[in-house]
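Me: I'm new to this one and would like a close look at a single part of it. Could you walk me through the salt bridges?

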Amino acid sequence: MLSAFCVLAVALTSVIKHFISKTKFYTNSTLFLGIGAVIGGVLGQFLFNIVKNNSNQHILIIIQSICLILLLIFVIIYMLFMKGKDKYTLHIKNWLITLLIGVFLVLSSSFLGIGGGPINVAVLCLFFAMDMKSASINSLVIIIFTQSSKIIQSLIQNQLQTCNMDWVLLIILVCVAIVGSLVALCAREFYVDKIFLGTDGFEKDVGFMGSDMLRSEAIEKMSESAKHIIMMTDSSKFNKKGTIVQFKQYDISTLITDNDIPEDLVEYFKRYRVNVIEVNKEETK
């Protein structure tokens, strides 16, 4: 239950920050996704208890593993072959379908016992034609609805009194979570000439990508106050992909990497007037 409070605090702070920054929200879609998330959370826990009580632990693990593998295959296929291509993108407007998608997202993550972030983002991009940033924000809203529902259910079932929760620890963890998510908000108040950043992956015509939404968001806000963005990464990252777009190739001024970077990528960055500095790997040993 401690984790539910902390996740709720981080997600809520981040969404409020976006609201203050006047980030675009898909109001109708977000509302029905949130309602569906509450329903999905209840059904997911109910389904988990049914399977758990009517099968042994090994069968439950096998079922969860198969479902998780199928969802991960979907995310991989979307990221590799479907992302950014209009012919694979739907524009769902119907409230009932939106509600059912919200139910499915949280039902699956609740049953599998996972956060579901990357799955949420991929589904939202595919079915609602959202960009990565909008999908990430809506994923946070879904998390808020889900965690709130979980906490309310615990209150109704009187579980908070019976779980021997350390309330002092809870307050400390929630404060730490809020402070961490406010770092990005405070970062924009500082101005620097150069900012040095890392990345989790890169794809041509998509840009530099990260795998952690909150970290990527903080980096984005920090970079808004910098005159020059300098990306430092080893060449292996150019063969990897993340889930959150951090920067376009033309947003950075300098790229520092090792001399194993493919020559076509060097020329690619130079076309966008990016200063590429190659470091000899042997000399750094």
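Which side chain does Lys194 meet in a salt bridge?

Reply: Lys194 pairs up with Asp193, and their side chains form a salt bridge with an N to O distance of 2.9 Å. Keep in mind that this is a predicted model. As for how open the two partners are, Lys194 comes out as partly exposed, at 44% relative accessibility. Asp193 is partly exposed too, with a relative accessible area of 35%.

Let's take the others in turn.

Asp264 and Lys204 bring their side chains together in another one, at 3.3 Å from N to O. Here the two partners sit in distant parts of the chain, 60 residues apart. Asp264 lies in helix H10, which covers residues 263-271, while Lys204 is in the loop between strand S2 (201-203) and strand S3 (207-210). With 44% relative accessibility, Asp264 is partly exposed, and Lys204, at 35%, is partly exposed as well.

Then there's the salt bridge where the side chains of Lys237 and Asp234 meet, 3.1 Å from N to O. What about burial in this pair? Lys237 has 19% relative accessibility, so it counts as buried, because the cut-off for buried is under 20%. Asp234, at 33%, is partly exposed.

Notes
Residues numbered from 1 in each chain as written. Predicted model: local features only at pLDDT ≥ 70, side-chain atom pairs only at ≥ 80, totals over all residues. Heavy atoms only, no water. Salt bridge = Lys/Arg side-chain N within 4 Å of Asp/Glu carboxyl O. Buried < 20%, exposed > 50% of the residue type's maximum accessible area, 1.4 Å probe, protein only. Helix = DSSP H or I, 4+ residues; strand = E, 2+ residues; numbered from the N terminus.
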